[in-house]
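Me: I would like a close look at one part of this model, namely its charged side-chain pairs. Please give the cut-offs as you go.

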Amino acid sequence: MRRGARRAAIGSLPFRAGRLDFPREARLVRRGDFDAVYRAGKRRSNSHFTVFLRANQLPQSRFGFSIKKALGGAVVRNRIRRRVREIVRCHRLEIAAGWDVVIHPKSNVAKAEYATLTAELLRLLKIN
């Protein structure tokens, strides 16, 4: 099956320049990157999140998520991860560029209103 036909069959759209996606370049994936943020970064927190920030000298910010096992089973942790990742994906372009960010959600994120979580996280990510 050709690529175009396969895309039509599964209903996905080709990449468009204005699309809100979450590419690999916008993610922290290596343990060393996380450790550098913890070691040399600043910490901010509120009732829903703890955020660690460190300047990265890159043209975009990179985001990592760390969800503790104490927050619940795999289903709960994955729900939390999806909710937080979606907030970052939708608002990634509004957040200042040039930072590595590690987000630690707290236990109340699983049941909190999505709009509240968005406002709280964006407030923490206002970087001066």
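Is Glu86 buried, partly exposed or exposed, judged by its relative accessibility?

Reply: Glu86 counts as partly exposed, at 30% relative accessibility. Here buried means under 20% relative accessible area, exposed means over 50%, and partly exposed lies in between, with a 1.4 Å probe and protein chains only. The model is predicted, so local features need pLDDT of at least 70 and side-chain atom pairs count only at pLDDT 80 or more, while totals for chains, interfaces and linings use all residues. Residues are numbered from 1 along each chain as its sequence is written, and side-chain values use heavy atoms, with hydrogens and water left out.

Glu86 forms a salt bridge with Arg89, and their closest N and O atoms are 2.8 Å apart. A salt bridge is a side-chain nitrogen of Lys or Arg within 4 Å of a carboxyl oxygen of Asp or Glu. Side chains of opposite charge can pair when their charged atoms come close. Both Glu86 and Arg89 belong to helix α3 (residues 74–91), where they sit three residues apart, about one turn of the helix. Helices (H or I, at least four residues) and strands (E, at least two) are DSSP runs, numbered from the N terminus. Arg89 is also partly exposed, at 24% relative accessibility.

The structure holds eight salt bridges. One of them joins Arg123 and Glu120, at 3.1 Å from N to O. These two residues lie in helix α4 (residues 114–124), three residues apart, again about one turn of the helix. Arg123 is exposed at 52% relative accessibility, whereas Glu120 is buried at 16%.

Arg31 and Asp35 form another salt bridge, with 3.6 Å between the closest N and O atoms. Because Arg31 and Asp35 are four residues apart in helix α2 (residues 31–40), about one helical turn separates them. Arg31 is exposed, with a relative accessible area of 67%, and Asp35 is partly exposed at 29% relative accessibility.

Beyond these pairs, a network of salt bridges links Arg30, Asp33, Arg54, Arg62 and Asp100. Gly64 is buried, at 1% relative accessibility. Leaving out residues up to four places away in sequence, Gly64 touches Leu28, Phe34, Val101, Val102 and Ile103, where contact means heavy atoms within 4.5 Å. Phe34 is 30 residues from Gly64 in sequence, and the two are 7.5 Å apart in space, C-alpha to C-alpha.
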